[in-house]
Amino acid sequence: SIIVDIRMVSYANLDPEIIPFGWTVIPIFNPNRYVMSGIYQVPLFKGTPRKDLIEELPFNDPWGFLMEKVKSSKKNEKIEYVKYSSIIVRVLDSQREGHFNNPFDFNRIDYKYLPDKDLPKFAYNNAVDVKLQSDKKMNAIVPSKNPTQYNQKITKDAAILLGLGDKYQIQE
């Protein structure tokens, strides 16, 4: 499995800062130890992954283990979803040449990791993509109304905050 820890650049204060947004786990191998090639939409969990979870993950079915923690009534064990937030990942066994000839295919997204009861609110598909392209909320967060310029700014700020500023250069 791969643990993905997602951070965001916040401009709430005078100086930008990186703060935790969420995390998730992407199972890579099936029980027979084959790569689970596919396109998966995986929900995010609040906060950062706890050390105890990371240590126990290799000894359990990763997704089953996390679902036990989601359902747990013990406050010190429970993990919670970031409301309707997820990532889409494409996992490919290098031996499966030509498996993904299309750059992105909405029809092949596997939703099996999303919570069943909220699937319509989580699921990303072609209709959602079209809606988001013109959504005023999404466009409102780009201060300059220039998405490319804004993306370069947050990428540059993140590189500086992570100590990669001297290695990062914007390609024009």
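**Group meeting: a predicted model and its fold**

Good morning. Read along the sequence, this protein follows the pattern β-β-β-α-α-β-β-α-α-α-α. In total there are 6 helices and 5 strands. Helices (H or I, at least four residues) and strands (E, at least two) are DSSP runs, numbered from the N terminus.

A word on the source. This is a predicted model, in which local features need pLDDT of at least 70 and side-chain atom pairs count only at pLDDT 80 or more, while totals for chains, interfaces and linings use all residues. Residues are numbered from 1 along each chain as its sequence is written, and side-chain values use heavy atoms, with hydrogens and water left out.

Let me begin with the strands. Strand 1, residues 2-10, pairs with strand 2, residues 17-26, in the antiparallel sense over 9 bridges; two strands pair if DSSP finds at least two bridges between them. The two form a hairpin, with 6 residues between them. Serine 10 has glutamate 17 of strand 2 as its bridge partner. Strand 2 also pairs with strand 3, residues 38-46, again in the antiparallel sense, over 2 bridges. There, glycine 22 stands opposite lysine 46 of strand 3.

Next, helix 2. Which of its residues are buried? They are Pro62, Trp63, Phe65, Leu66, Met67, Lys69 and Val70. Buried means under 20% relative accessible area, exposed over 50%, and partly exposed in between (1.4 Å probe, protein chains only). Helix 2 spans residues 62-71 and is mostly covered, with 7 of its 10 residues buried. The cover over these buried residues includes strand 2, strand 3, helix 1 (51-56) and strand 4 (81-91).

Two residues other than glycine deserve a look for their positive phi values. Arginine 33 has a phi near 70 degrees and lies in the loop between strand 2 and strand 3. Is arginine 33 buried or exposed? With a relative accessible area of 73%, arginine 33 is exposed. Tyrosine 84 has a phi near 55 degrees and is found in strand 4. At 34% relative accessibility, tyrosine 84 counts as partly exposed.

Finally, the protein as a whole. Of its 172 residues, 32% count as buried. Its accessible surface comes to about 12200 Å², of which 52% belongs to carbon and sulfur atoms; such areas come from the Shrake-Rupley method with a 1.4 Å probe, and for residues only the protein chains shown count as cover. Among contacts (heavy atoms within 4.5 Å) with a separation of 6 or more, 57% involve residues 24 or more positions apart. Thank you.
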